[in-house]
Every structure is written in C-alpha cells, then in structure tokens.
Number of protein chains: 4
Amino acid sequence: MPEVARDPRPPYIAVIGDGEPRGPDAHRILEWAEEVGLELARAGATVVTGGLGGVMEAASRGARSAGGVTIGILPGADASEANEFVSIPIATGLGVVRNLVVVTSANAVVAVGGRHGTLSEIGLALRMGRHVVALSSWRVESEHRLGGPRIHRVRDPREAASLALRLAAAAELNGS
Amino acid sequence: MPEVARDPRPPYIAVIGDGEPRGPDAHRILEWAEEVGLELARAGATVVTGGLGGVMEAASRGARSAGGVTIGILPGADASEANEFVSIPIATGLGVVRNLVVVTSANAVVAVGGRHGTLSEIGLALRMGRHVVALSSWRVESEHRLGGPRIHRVRDPREAASLALRLAAAAELNGS
Amino acid sequence: MPEVARDPRPPYIAVIGDGEPRGPDAHRILEWAEEVGLELARAGATVVTGGLGGVMEAASRGARSAGGVTIGILPGADASEANEFVSIPIATGLGVVRNLVVVTSANAVVAVGGRHGTLSEIGLALRMGRHVVALSSWRVESEHRLGGPRIHRVRDPREAASLALRLAAAAELNGS
Amino acid sequence: MPEVARDPRPPYIAVIGDGEPRGPDAHRILEWAEEVGLELARAGATVVTGGLGGVMEAASRGARSAGGVTIGILPGADASEANEFVSIPIATGLGVVRNLVVVTSANAVVAVGGRHGTLSEIGLALRMGRHVVALSSWRVESEHRLGGPRIHRVRDPREAASLALRLAAAAELNGS
C-alpha cells in the first residue's frame, strides 16, 4: 500500500500526575500541568492522560484551550467519568492496569508532581521504552549503569513540553 | 459545570471478528464488516476495532470511506502496527488483555464471523454490560434465565449497524 | 538440567461459575461444584478458582475435604478476601482481568452453571487453548467450522471431573 | 465462620530483579538473590517471583534448598516455562501485566539489582501499598513529602530478608 498517502500522525504525549494534588505545591502543580498541555497542543501534539481529575484534568484543559485533541484512558467502564476536557474518552475497565495503557499509547511522557501511582507509571513508561520528562516529580536513579530510555528532569513547563516533543520525534526516528 | 456546554459525544460501536478470516465465507465476512463500518460512520458513530487486519481493517476501511473516525485498540506497544484506516491508534502493550478494552470502550458491539478470540470478546462485552449484535457469528445460549445485556442475531450488515446504534442509544439512556 | 529429577506437577483444573448462584437451580449448582472439587482432588489434581464465594467456594470446599490443594486467584489486592477453603491465595489487583489468569493457569476448565462472567471465562479459556467441560452451563456454537479446543457438555459432576482430567492429560501430551 | 480454625497463612515475600543480570555485578546479584530466598524460606515465608531466570531463579533455588514453597507468576500461558525451582507455577497469559500480580500477591517485596522492569515493579508495589526492600537496586525519592509504603535500602541479603519479614508482619497488623 502507498505509505506516502498516509497522513503523518501527530505525536502523542502523555501527561501524568496526581488526580488530587495536595499540600503547599498543589496549586503550582496544576498550573504547570495546564501549561504543559497548552504548549503540547500548540505544537500540534495529541495529549493523552488518565482522563480523571487533578493533573489529568488540568493538562486536558490546557490542551483544549489551544484547540488540541485530548485522549483520556479511563480506569472504569463508563466514558462519562472522563473530565469535560477529554475529547476522546477510552473506557477500559482495567482498573490499575490502565496506567500501562496511558504511557504505552504515548511517544513520550511528562510527569508533573505525583505520588506512588505516578511512580508506577514512570516505571512502566521506561519499561515500555518511553522517555520521561519529570517536572517537580520523582528522582529515580539506578545503582547500575543502564542504557535505554531515561528520566529527564526539567525546571519549567515550557521546557517539559519542548523536550518531550524532541524525545518523541527522536524515538520515532529510532523506530521505537 | 455547565453540562449543556459539552458537545454530545458520538456513540462508539466496536466491530469485532477474525484478524485473518479463512474458509469459504472469508470473502463475504470481510464485505459485511466493511459495510457495517460504512453504515456506522454514515450514522455518525465512531468505529472501534482491535486495529489490526481482517475484519478490523475492513470495518475501519468502510468507516473511513464514509468520512468516519476510527479508533484502533492495539495489543502491542507500537502504534505503527495499526492498519492504515485507523485514525486514532491506541497502542496498549496489553497483549490478549486488550480485547477487554475494545469492547468496554464501546457502547455496543457488532461481531462479524469470528473464532475463539471473538467469542472471548463477546463474553467480555456481555460481562461489561454491552449488548452484542451477531452477524454470522457465535450462537450463545445460557441454560439459565438471565437478565441484562444480550446477543442479538441479525442477517445483514445494515440491520447489524442500525440495531447496534439503537442498543447504544438505549444503553446511554439507562446510564450504562 | 536433569528433567527426570523434577517431580511431575499435578494437573491444575479450574472450576468456574457464579459467585452467588440464584434461582431454582442454585442449590444443585453448588452441590455439583462441591462434588467436582472433591472428585478432582481425589484424583490428585490441584483445583484453581477465583477464590471468592458461590461455585468458587463450593469447589474449594469439596477439594479440601478430600485433602486437596486449592489455588484462589482473587480480583482484589487483599489475600484475606479468599474463602476459607483456599490453601494458596493469589491476590492479583487485576479486577475483571483476573478471569484470564484463572483459566490460563489451568490445564483444563470445568464450568458449573454461570452467568455472563462465566461466559467470558469460557471464551478466554478457548482463546488460550484450554478445553472446557460444561455442566448445566452455556451452550456455545460457532456458525463456522473451527478446530482447536472445544466445549464438552456433560450431565453430572463425576463425568465433568473425569473428562477434565483426561482433557488436561491430552493437552499435556500435545505440549499445550 | 470460626476464623480460629483457619491455619495462619505464611507470609508471601516477592523477590524481584533482572531475568538476565549483566555487567560486573551480575554474579554478586545472583548470589544475593539466592541468599535472600534461602533466608526467607528458613523463616517460613513463601517466596513469590516472576518464575523465569536470573534473580527469579536464584531466589527460588535458595528457597527450595531450605525446603520452602515457591510461587512463580509467569507472563506466558505455559506453566512449563517456569524454572525448575518453582513449586507452584501460575501461568497468567498477561505479558507485561503479570508484574502487577507478582508484587500484589506478596505482603512485602525485596528488589535485588534490576533494570527498568524492576523499577516498574517497585512503583507498582508502592502503588498497591507494599513496602519494598532494595538491595543494590534503584534509588527512588519524591520531591514531595509522602506517607504510606516506602523503599528501604539495605546492604546485605540477610538484612533484606529480615526487614521484609518485619514489614510484612506490620502490614498484616495494619490490615493492608
């Protein structure tokens, strides 16, 4: 089949983080997630999240405000659980296992803050060969020298979005 | 939040069946799957499939030929495995478990032909509360009287598409 | 490594069915499940179930009464949810997805009664290449000629147990 | 039901790590995994692993040498893929998703070395409320203050085993 005829698919970037951020940083975390979503959509990326509240909703809101497409990979079986900024809800029925789909469906991942659920998604992302950009999130270091995908720590949402897009483009070229 | 402001989401209808139909019926099965996809897209539905070949590709091709949106829920971790008629590929990394997502993400399911994988999807669909329309597919009957979602056998692709759409609309009203 | 030195593993037979049987047949279903468990354990098999109530508990009780080993593959994350006749609880955290593990971990499957969850397990069992023995359970027929594993309908619990053991032994010989 | 009549279940401790350790530390990692398995079995614990090679096999070998019970939660559908030191193989058919079951089925987790797959298991363990003891494994720190389960770094296999057993006992008391 003539592969040239196929439209290039936009990069999918997952934004992961706490569904209900708490503590003194909560407000900043949500602002950053929204700005990451906005910057990704401006650059033409599709934003993938877990479809619920907190960081997921903020990133989706940001992306939609820039006219972007947002995919929400929900843990439950009911698409109406998606926040209102999800344009394409995917009700999975998978429970905890849906976290694997959030990161695997994306070409690169941005973690904004986050607790244990986010750490598990970071681990799954690396396991599935996806680079992770971390903004005020987990520090993860191996005691051994490892190749492959990495966690890249950044300081602000713009840097997070642009680095994720570059990593996604590089992964595409490498065929992964 | 102002729910009225939200666009109504189009119904999602999953089309399931063999990734590589064989035997004397193979040609007819693929034609029917394509026509089911076409009719669903004409009615404004989004067509969900497993994103690979055979019935999945035929249904997606039909839907795209009518300008529809097609979601492909892939078993592997690489979105480029999707057939060329998938507009929104979701690489899950789930293997066999992705079948649960195909049927759960939809409001109703159409089975066209199919072998054991399709039977497992029919069972999962009913388990998750989704009605199934069966076109030249499995006959499934309980020895006990059961309520809830059912398998509806039909004789042609148009009937399959229109019944699936009616069942999806009724499920929406029932809040399931 | 010297394969002869390894103890032969006992066959694993899954018993699946309703966690809360209702209707006029409920009592008989539970009696049959218990007798299936008993006969399987007498023959030296390990009985695998979903670890909860109803048919799962009855089959486990029967197996334990004959001194057998019972494995309970639980949907939740807490092993204490297992019924008291489970000797080896496996808390999976998988929710609905645990059904795949129940049937895949076994060499053959016995379905006693059952509703939609049981049908999904029957479908998954066939999909994973496991034969299914059905006792007062689902009738499932393809409109197409298919090879591979099958559903075998039987009339009493003894026949169910002995046929499941023969099918498991044959599957072992075939290397599946 | 008379709960007193029920035998106390032994603690289940998962040992996770690389299926094929490489590099200058590989030999030491395997020795340590074997010693962790041995110490756990001596203390009466059941050792849970992913059932394949490397750290999984070494831990199982150690446990069996002390007369212990070993459970192997396999990714594939064929129980014969388990290493020869697995006494209870569970073929899941889950692929990558089986990692969730390895850690959820245990009361506490010991990580010995490990690459990205191990990191994903550490994240999933914490997500599911299981404490993790890390021996020459990942350093993981949040930039935020978090309660709940933690990673505990230790220096030798004996300390790893004894701390894991204490954490499992404490978790049992807390009802988690």
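This is a predicted model: local features need pLDDT of at least 70, side-chain atom pairs count only at pLDDT 80 or more; totals for chains, interfaces and linings use all residues.

Reader: Why is A:Ala59 called buried?

Author: The term buried requires a relative accessible area under 20%. A:Ala59 has a value of 0%, and therefore A:Ala59 is classed as buried. This residue lies in helix H2 of chain A, which spans residues 55-65.

Reader: Which residues does A:Ala59 touch, not counting those up to four places away in sequence?

Author: With those set aside, A:Ala59 touches A:Val15, A:Ala33, A:Glu34, A:Gly37, A:Val47 and A:Thr49.

Reader: What makes D:Ser105 count as buried?

Author: The relative accessibility of D:Ser105 is 4%. D:Ser105 is found in a loop of chain D, between helix H3 (98-104) and strand E5 (108-112).

Reader: Which residues are in contact with D:Ser105, leaving aside its neighbours within four places in sequence?

Author: They are C:Ile90 and C:Ala91 from chain C, together with D:Tyr12 and D:Val48 from chain D.

Reader: How do you know that the side chain of D:Ser105 has a polar atom close enough to the backbone oxygen of D:Val102 for the distance limit of a polar contact?

Author: The distance between the two atoms is 3.2 Å.

Reader: What describes the interface of chain C and chain B?

Author: On each side there are 30 residues in contact: 30 of chain C with 30 of chain B. The area buried between these chains is about 2,800 Å², and carbon and sulfur atoms give 67% of that area. Helix H4 (116-127) and strand E7 (138-142) of chain C each supply at least two residues of the side that touches chain B. H4(C) gives the most to that side, with 8 residues. By type, the residues of this side of chain C divide into 12 nonpolar, 11 polar and 7 charged.

Reader: How many salt bridges and how many residue pairs in polar contact does the rule find across this interface?

Author: The rule finds 0 salt bridges between chain C and chain B. It does find 4 residue pairs in polar contact, both residues being at pLDDT 80 or more.

Reader: Why are strand E7 of chain B and E7(C) called paired?

Author: Pairing requires at least two bridges. Here 5 bridges join the strands, so they count as paired. The two strands run antiparallel, and B:Arg139 stands opposite C:Glu141 in E7(C).

How values were computed. Residues are numbered from 1 along each chain as its sequence is written. Chains are lettered from A and ligands numbered from 1 in the order in which they are written. Side-chain values use heavy atoms; hydrogens and water are left out. Contact means heavy atoms within 4.5 Å. Buried area is the accessible area (1.4 Å probe) that two parts lose on being put together, summed over both. A salt bridge is a side-chain nitrogen of Lys or Arg within 4 Å of a carboxyl oxygen of Asp or Glu. A polar contact is a pair of N or O atoms within 3.5 Å; within protein, one must be able to donate a hydrogen and the other to accept it, and residues adjacent in sequence count only if both atoms are side-chain atoms. Helices (H or I, at least four residues) and strands (E, at least two) are DSSP runs, numbered from the N terminus. Ala, Val, Leu, Ile, Met, Phe, Trp, Tyr, Cys and Pro count as nonpolar, Asp, Glu, Lys and Arg as charged, and the others, Gly among them, as polar. Buried means under 20% relative accessible area, exposed over 50%, partly exposed in between (1.4 Å probe, protein chains only).
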